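Take a moment with the sequence and the fold before reading on. The tour below goes from the whole chain to its sheets and then to a pair of helices.

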Amino acid sequence: MQAFEATNYYFDQAARRLDLSENIRTLLMTPDREVRVEVAIELDSGKIGNFIGYRVQHDNARGPYKGGLRYHPAVDQDEARSLASLMTWKTAVVDLPFGGAKGGVNCDPTKLSRGELERLTRKFIEKIHDMIGPDKDIPAPDMGTDAQVMAWIMNEYGKYEGFQPACVTGKPVEFHGSAGREAATGFGLAIVTREMLGRSNRTVAGTTFAIQGYGNVGSFTARFLGQMGGKIVAVSDAYGAIVNPEGLDLAELDRHVSVSHKVVGYKGGDAATNEQLLTMSVDVLIPAALGGVFDRDLARAVQAGLIVEAANGPTWPEADEVFVERGIPVVPDVLANAGGVVVSYFEWVQNLQHFRWPIEQVQREEERRLVDAFREIHDLAERKSVSLRTAAFMKAISRVGRAKILGGI
Ligand code: NAD
């Protein structure tokens, strides 16, 4: 099964419970537009680097397309399609006036110099600038891209369309970005996890966590859960994992990572593999790296009591079924990691108004939106006796379907 098929499997599970005609189902599943472009740049060596970039615009019934740009060797049309569709459902779950899109460039950003990355980004925007913009499609960071890449995008876009900071979100705070955007996904993850634990009368304090992936999302998630009293007992990255049953000292770990750029080698924990981390006995397991992590066998081996999906699409449908059978609740990506797009929305609003919000306002509003969305989805799941994922898709499909009907096909 491929990633887009998996997203559609979840879509179908929810759509079956709604009174949708076959035509509306097809309309909602099919992406509006898919673009594939060649991104050729001069490498530092003087040779030509040929890369392929993608942008998939899935649906804009509720507002402009919105979704990240990923720089990673696994980026392809199918992945972009799957992630674009997830964005449509995610923006609807948290009730933002956006649709869904996703894209990226197939490359290994760790092997490109800063100059090569800048040229790659500018060339990609040169190729797609006519299809993005504040009222059309608004990119944001994802795996392998960061605030600097977003700043290059804004600058390059401005060469064609004039000064329009709202054309991209996740920019540096001192360059039209929003306070709190960098930490927003991790902050939101911690809020949603707190709410989920609260439903079984538990608190973050005293709860143990294992986090796969210690990049933007994983590290901020760890930090906020740590601040709430949670015990982070294991984290990992592409090079391996470290474990300390007494809880990792995150400040020390961050100092180590800032120098060595990997978690392995940190003296305050024992080395382990990613596989060991994913099957550890912990209260909460948080996948915060790639998609497609849990297959059927791994799902059977998981020992955590709760899974909160920070990554997009970490669970294959076959694994999801095992989690349901085993009674392991999963807080789905479209709800758990929506904090990033919520604050991207705030950034867009601030850019359009040329007005800045203080961090307290950003975090207060983010928390309010996520708590409201969590309660709505959790209550729906209980009322209909379905998983949180099915409830989230049901809510999202209803909202997007209604917008399509109101707006007219
Ligand atoms: P990032 O590039 O900052 O970090 C990714 C981390 O995953 C790195 O630590 C990397 O070493 C690690 N990793 C890569 N391959 C791995 C492997 N095989 N095993 C273990 N670790 C591995 O990316 P990010 O922005 O933190 O995104 C992580 C996930 O969260 C992605 O699935 C992304 O789509 C999702 N997400 C990100 C945001 C955001 O605001 N950045 C918002 C919503 C969802």
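The C-alpha centres of domain 1 and domain 2 lie 27 Å apart. Keep in mind that this is a predicted model. The domain assignment places domain 1 at residues 28-175. Domain 2 covers residues 184-336.

Now the sheets. Five strands build an open sheet, and their order is β1-β2-β4-β3-β5. The pairing in this sheet is mixed. Two strands sit at its edges: β1 (33-42) and β5 (137-141). Each of these pairs on one side only. From one strand to the next, the twist averages 20°.

For a landmark, find E34, which stands opposite V56 in β2. Next, find helix α4, residues 114-128. This helix lies across four strands: β1, β2, β3 (65-72) and β4 (100-106). Relative to β1, α4 runs at about 140°.

A second open sheet has seven strands. Read across, the order is β9-β8-β7-β6-β10-β11-β12. Here too the pairing is mixed. Which strands stand at the edges? They are β9 (270-272) and β12 (330-331). Each has a single partner strand, so one side of each is left without a neighbour in the sheet.

Within this sheet, follow β6 (residues 208-212) to β7 (residues 231-237). These strands run parallel, with five bridges between them.

Finally, turn to a helix pair. Two packed helices are described by the angle between their axes and the distance between the axes. Helix α13 spans residues 339-353, and helix α14 spans residues 359-384. Their axes come within 10 Å and cross at roughly 130°. How do α13 and α14 lie to each other? Angles over 145 degrees would count as roughly antiparallel, and 65 to 115 as roughly perpendicular. The two helices are therefore oblique to each other. The crossing of α13 past α14 is right-handed.

Which residues make the contact? From α13 come G339, V342, V343, Y345, F346 and Q350. From α14 come V362, E365, E366, R369 and L370. By class, this contact has six nonpolar, two polar and three charged residues.

Note on methods: Residues are numbered from 1 along each chain as its sequence is written. This is a predicted model: local features need pLDDT of at least 70, side-chain atom pairs count only at pLDDT 80 or more; totals for chains, interfaces and linings use all residues. Side-chain values use heavy atoms; hydrogens and water are left out. Axes are lines fitted to C-alpha atoms, for helices over the stretch in contact, and angles run from 0 to 180 degrees between N-to-C directions. Angles under 35 degrees count as roughly parallel, over 145 as roughly antiparallel, 65 to 115 as roughly perpendicular and the rest as oblique. A crossing is left-handed if the near helix is turned anticlockwise from the far one by less than a right angle, and right-handed if clockwise. Contact means heavy atoms within 4.5 Å. Ala, Val, Leu, Ile, Met, Phe, Trp, Tyr, Cys and Pro count as nonpolar, Asp, Glu, Lys and Arg as charged, and the others, Gly among them, as polar. Two strands pair if DSSP finds at least two bridges between them. Domain bounds come from an automatic or database domain assignment.
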